[in-house]
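I am opening a notebook page on a structure that is new to me. I want to note down what I look up, one place after another.

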Amino acid sequence: MAWQDVILLSILNFVGSMIANVVNGLLIVRINTDAFVLFDEKPDLLWKIPMIALCIFAGEAALIYFWQRYRILLAERQKHFVEEQQVKAMKMRLEEAENFYGSIRKVRHEMKNHMANIKGLAGAGEYGEIEDYIRRMDETMQELEYKYVTGNAVTDVIINDKCRRAEKAGIRFDADFRYGGEIPVFDMGIILNNLLDNAIEACEKLETGKGFIRLSLKRKKQFLILYVENSFDGAVPVSKGSPLPPTTKQSILPGIITEHGIGLENVRDIAERYFGGVNIKVKGDVFHVTVMLQQGEVGKVSK
C-alpha cells in the first residue's frame with residue numbers, strides 16, 4: 001500500500017473514531033442523581049449509528065478505489081507519453097539513416113562527374129586546383145563516413161550519432177557492437193537511445209576530457225548481452241520510498257531510480273518482454289548497465 005493510501009485511511013479512521021467517542025460520551029449522562037440514557041430517548045439511533053459507520057467505511061473504500069484508479073491512469077498516461085517520445089526519436093533516426101544512404105547514392109552517382117573534372121584539370125595542368133578539388137571531395141566523404149559499422153542501418157545511425165555528440169563534448173567513446181537483427185531493431189534502438197543518452201548526460205557533468213563511455217554487445221548461447229559503462233560524478237540519487245540509500249561504494253542497485261529513471265524503466269520493460277533483465281552496478285565513479293535479452297521475437301521465444 002502506498003503512503004498516500006495510508007494517509008487517507010488514517011484521516012477517515014480518525015474521523016470515525018472521533019464520531020464514535022462523541023456518541024459514546026452521550027450514551028449515558030449523569031444529571032444530579034439521575035442518568036440520561038441516549039438510546040432510551042432516541043431509539044432510532046440504534047440503527048442510524050451503525051448506518052453512519054457503514055457509510056463511512058463504504059466512502060473510505062470508494063475513495064481508496066478511485067484514488068488507486070487515478071494513480072493507474074496517471075502512470076498509463078506517463079507511459080504513453082514516454083513511448084510516444086521514443087517513437088518520435090526512432091522516426092528521426094530512421095529519417096537520418098535514409099538521408100545518409102541517400103547522400104551516399106548521390107555521391108556515388110556524381111563520382112563520374114568528379115573524375116571527369118579531375119581529368120580536365122590534369123589535362124590543363126591545374127595541379128593546384130586538383131589538390132583543392134580532392135581536398136573538398138575528401139571532406140565530403142568524411143562527413144558521410146561512419147566510425148562504427150554495426151551491420152544495421154538504424155543502429156549505425158544511433159551509435160555514430162551518439163559518438164559524434166560525445167566526442168564533441170570531449171567524452172571518449174568506444175563501441176564494440178555488431179548487430180545481426182536478433183531482436184527487432186525498433187526495440188534495440190530504444191535501448192541504445194536511452195542508455196547512451198543517459199551516459200552522455202552523466203559524462204557532461206564532469207570536466208572536459210574526464211568522461212568516457214564504453215558500449216559492447218556480446219552473445220552467449222541464445223542470449224544477447226549489452227554492456228554500457230560510463231564515468232559519472234559519483235552521486236547516485238535514489239527516489240523516495242526506495243529501500244536503497246544513496247551510495248558511491250561498489251554495490252548492486254536493482255531498484256535504482258535516478259533522474260533517468262523513466263528511460264531505465266523503458267529498457268527494463270523491453271528486456272522483460274524478451275525474458276531478460278537489467279542489472280545496474282556502481283563501482284566508484286563508474287556506472288555499469290547490463291541488459292540481457294533472449295534472441296528472437298517475443299512470440300517465437302515464448303513457443
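I began with Ser216, which I found to be buried, its relative accessible area being 14%; buried means under 20%, exposed over 50% and partly exposed in between, with a 1.4 Å probe and protein chains only. I note that this is a predicted model, in which local features need pLDDT of at least 70 and side-chain atom pairs count only at pLDDT 80 or more, while totals for chains, interfaces and linings use all residues. I also note that residues are numbered from 1 along each chain as its sequence is written, and that side-chain values use heavy atoms, with hydrogens and water left out.

I placed Ser216 in strand S4, residues 212-220, where strands (E, at least two residues) and helices (H or I, at least four) are DSSP runs numbered from the N terminus. Leaving aside neighbours within four places in sequence, I listed Asp176, Ile225, Leu226 and Tyr227 as the contacts of Ser216, contact meaning heavy atoms within 4.5 Å.

Next I looked up backbone angles. Most residues other than glycine have a negative phi. I therefore wrote down Lys221, whose phi is positive, near 55°, and which counts as exposed at 79% relative accessibility. Lys221 sits in the loop between S4 and strand S5 (223-231). I also wrote down Phe275, not a glycine either, with a positive phi of about 55°; this residue lies in the loop between helix H7 (261-273) and strand S7 (277-283) and is partly exposed at 44%.

I then turned to helix H5 (residues 153-168) and helix H6 (residues 185-203), which pack at an angle of about 5° with their axes 10 Å apart; axes are lines fitted to C-alpha atoms, for helices over the stretch in contact, and angles run from 0 to 180 degrees between N-to-C directions. H5 and H6 are therefore roughly parallel, a term for angles under 35 degrees. Among the residues making the contact I noted Ile158 and Ile159 of H5 and Leu192 and Leu196 of H6.

Last, I looked up a nonpolar surface patch of about 620 Å², made by Ile7, Ile11, Phe14, Val15, Met18, Ile19 and Ile52. Helix H1 (residues 3-27) gives the largest share, six residues, whereas Ile52 lies in helix H3 (residues 45-123). The C-alpha atoms of Ile52 and Ile19 are separated by 9.5 Å, although these residues are 33 apart along the chain.

Technical notes
Patch = residues over 30% accessible without salt bridge, like charges linked within 9 Å, V, L, I, M, F, W, Y side chains within 5 Å. Areas by Shrake-Rupley, 256 points an atom, 1.4 Å probe, with all protein chains shown as cover. Salt bridge = Lys/Arg side-chain N within 4 Å of Asp/Glu carboxyl O. Parallel < 35°, antiparallel > 145°, perpendicular 65-115°, else oblique.
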